[in-house]
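Visitor: I have a structure to look through, and I would like a guided tour of it. Could you take my questions one by one?
Guide: Gladly, let's open it up.

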Amino acid sequence: MKLNEVLYIGLWDSLPFLRDPTLFVILSGIAFFPVLFLALFTGSAALPALVGAAVMSLAFLGLNVAQSVYYNKHWFRFQDILVASPVSALSYALGLSLSSLIGSTPALVLSFSILIYYVPIAPLNFLAVVAIAALMWLGLVFIGYTIGLSVKNTRKANSLPQILGFLLGFLPPVYYPLSLLPASLRPIAMLVPTTEAAQLAKYYFGLLPTSLSSTEILVSWAYLLGFVALMALITARKAHWVDP
Amino acid sequence: MIEAVEVSSPMKAHGNGTKVLDKVKLNAGKGQLLTPVGEKSRQYDAHPDSHHPADADLRLGACTEDGLQVNVVEVSSLGKTYPGGTEALRDVSFSIERGRIFCLLGRNGAGKTTLLRILATQLQPSTGRATIFGLDISREAEKARTRIAVLPQEARPQMMLSAFDHVRMMCLIRGMPRAEATRRANQILEQFDLWEHRNKVCADLSGGMRQRVLLCMALIADPELLFLDEPTIGLDPLGRRQVWAAVRRLAKAGTTVLLTTHYMDEAEHLADNLAIIEKGKVAFLGTVDEAKDVAGVGMRMIVEPLVNGGQREVLHPSSNEEILKIVERSVREGLKVTFQPPSLEEAFINIVGGSIDDEAQ
């Protein structure tokens, strides 16, 4: 693997939306739309929702790797061009992942800037939140790869990441408080990795109504790491540089 | 000249019933109509890890005095069965000399793209062995990939990027320094008449121009072996000729080209050698002229009245005497004679079409 290969593949994949500011704003703004509505209707819910946006800003575009993988393999045939070249599989995979980071970094920077302005946070806690966002991004990049490698038609390549984005980002209590759900549904909601990530991030920002115990924190981290590891394993089983 | 790899006896049978190559000899077979399609194929288990004496023979290949390997591509008993069970290739063997243009012809689904993708290290073969530059495509793919480039079938450019973006980015991805990448991109765009369109996004380019952009992307690396999967599909006659000229130039400079095509005139124009693939097997291996000979396609003479309205005769003379007789009769009777040389298309239909009849029987 060469760093240059990774950077240029990332740039190649992100150039189309870097060249189109409208598309860039829409893509990086996806994570912010719920915050906007929550701020409009209930001002007090805006800050916890902004934590959700910070966690999901990388993750949403991480999921979009599915489209990059699918289109570069089946539509542009760019993957085939690169397989028959000195470029390594790892450079290609990292390059496409990097592309999703390029697209979502402005959103992440913006959400963190607003949060830090309104909620003072210790540097170590801030790093913990960045790590949570990075883990979510990584986990959803792996899911994106699995989708991109599995689907065989364009319609599914476009729709599946959107549906999954809704199921993981907007449906569970990532933007809204967990307490809004009926008590019976809360344990189920906590099984969703994005809920776990949002709860943990809200804890580090001091935005949870009740604090988490050290065991709960440890379990949450272990759960997130386990989720990423599992997704990595599934992706590794699916991924083929040379087709079988 | 094509050297067909021929399997010769004796073969050993493994305990599991599969036969293993015991000896392979490179046999100079000109214009061979190979294993009739429909004949039951022999199953060889020439695993890449096998250490048969044949492996060593194939690896050595034929070298010139200056040490250059003559046979850039060596394919031996190659087979491919997809995970779903579809058998795409069976017992394919051939070789390609350095600097030659080798065309793969065949109907849709015959196995051309599968074969090209295996040789371009994009697809794992199921059986048999193939080497490029003496490197095993399964075990030494990484080394081989530094010397090849491919233009895949139905590749498309990014509509929101310019021709220059495509070519320059490919240079950068392949490791060229930025200044060199810019220089090389400009040079190749000029060579393919894309210079004045270099800053237009691909959405604004014609189909032919887009195809040329993709071709430029494949060519920037100066590959020693170039794989082109239907490179002129969708191009206008002028665009096709530009591609042909580029391919010819490359071959003249020593690049070996393996291309698949549906266009017989393309193969006729370009191919030093060709293989006709039918139902995953090599149905013919040789030159264009040999294909015409083997298929029994000879000169056609069309005899018709000078003015419209009379009867038109299509004749297939088998000797010079017969030709002379037809000409004499035509002069005597005031008829017009047109000579029609045999076409590769007719040869292709004869070779491939035979199998349709076989199937019907």
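Visitor: Which residue is the bridge partner of B:Pro305 in S18(B)?
Guide: One thing to keep in mind as we go is that this is a predicted model. Strand S16 (residues 300-305) of chain B pairs with S18(B) in the antiparallel sense, over 6 bridges. Within that pairing, B:Ile302 stands opposite B:Thr338. For B:Pro305, the bridge partner in S18(B) is B:Leu335.

Visitor: In the open sheet of 4 strands in chain B, which residue is the bridge partner of B:Ile132?
Guide: That sheet runs in the order S7-S6-S9-S10 (chain B), with antiparallel pairing. Strand S7 (87-97) and strand S10 (135-136) of chain B are its edge strands. Strand S9 (residues 127-132) of chain B and S10(B) pair in the antiparallel sense over 2 bridges. In S10(B), the partner of B:Ile132 is B:Leu135.

Visitor: What is the share of buried residues in chain B?
Guide: Chain B has 11 helices and 18 strands. Among its contacts between residues at least 6 apart in sequence, 68% join residues at least 24 apart. Of the 361 residues in chain B, the buried share is 44%.

Visitor: Is H4(B) parallel or oblique to H5(B)?
Guide: The axes of helix H4 (residues 163-173) of chain B and helix H5 (residues 178-191) of chain B come within 8 Å and cross at roughly 135 degrees. That angle makes the arrangement of H4(B) to H5(B) oblique.

Visitor: And how do the residues where H4(B) meets H5(B) divide by class?
Guide: From H4(B), the residues include B:Phe164, B:Val167 and B:Leu172, and those they meet in H5(B) include B:Ala181, B:Ile188 and B:Leu189. Charged residues take part too, among them B:Arg168 in H4(B) and B:Arg178 in H5(B). The contact of H4(B) with H5(B) divides into 9 nonpolar, 1 polar and 3 charged.

Visitor: Moving to chain A, what is the handedness of the crossing of H5(A) and H7(A)?
Guide: Helix H5 (residues 65-75) of chain A and helix H7 (residues 89-118) of chain A pack at an angle of about 135 degrees, with their axes 9 Å apart. These two helices, H5(A) and H7(A), are therefore oblique to each other. Their crossing is right-handed.

Visitor: How many charged residues are in the contact of H5(A) with H7(A)?
Guide: A:Val65, A:Ser68 and A:Val69 in H5(A) meet A:Leu96, A:Ser97, A:Ser99 and A:Ser100 in H7(A). By class, this contact of H5(A) with H7(A) has 3 nonpolar and 4 polar residues, and the charged ones number none.

Visitor: How many of the 11 residues of H5(A) are buried?
Guide: What covers the buried residues of H5(A) includes H1, helix H4 (46-63), H6, H7, helix H8 (123-150) and helix H9 (154-170) of chain A. Among the buried residues are A:Gln67, A:Tyr70, A:Tyr71 and A:Asn72. H5(A) is mostly covered, and its buried residues number 8.

Visitor: Is A:Leu233 buried or exposed?
Guide: A:Leu233 has its place in helix H12 (residues 214-238) of chain A. Around A:Leu233 there are 11 other C-beta atoms within 10 Å. Since a residue with 12 or fewer counts as exposed, A:Leu233 is exposed.

Visitor: Finally, which helix gives the most to the side of chain A that touches chain B?
Guide: The contact takes 23 residues from chain A and 27 residues from chain B. Helix H1 (3-18) and helix H6 (78-83) of chain A each supply at least two residues of the side of chain A that touches chain B. That side divides into 14 nonpolar, 2 polar and 7 charged residues. With 7 residues, the helix that gives the most is H1(A).

Notes
Residues numbered from 1 in each chain as written. Chains lettered and ligands numbered in written order. Predicted model: local features only at pLDDT ≥ 70, side-chain atom pairs only at ≥ 80, totals over all residues. Axes fitted to C-alpha atoms, helices over the stretch in contact; angles between N-to-C directions. Parallel < 35°, antiparallel > 145°, perpendicular 65-115°, else oblique. Contact = placed C-beta atoms within 7 Å. Pairing = 2+ DSSP bridges. Left-handed = near helix turned anticlockwise from the far one by under 90°. Buried ≥ 20, exposed ≤ 12 C-beta atoms within 10 Å, placed from the backbone.
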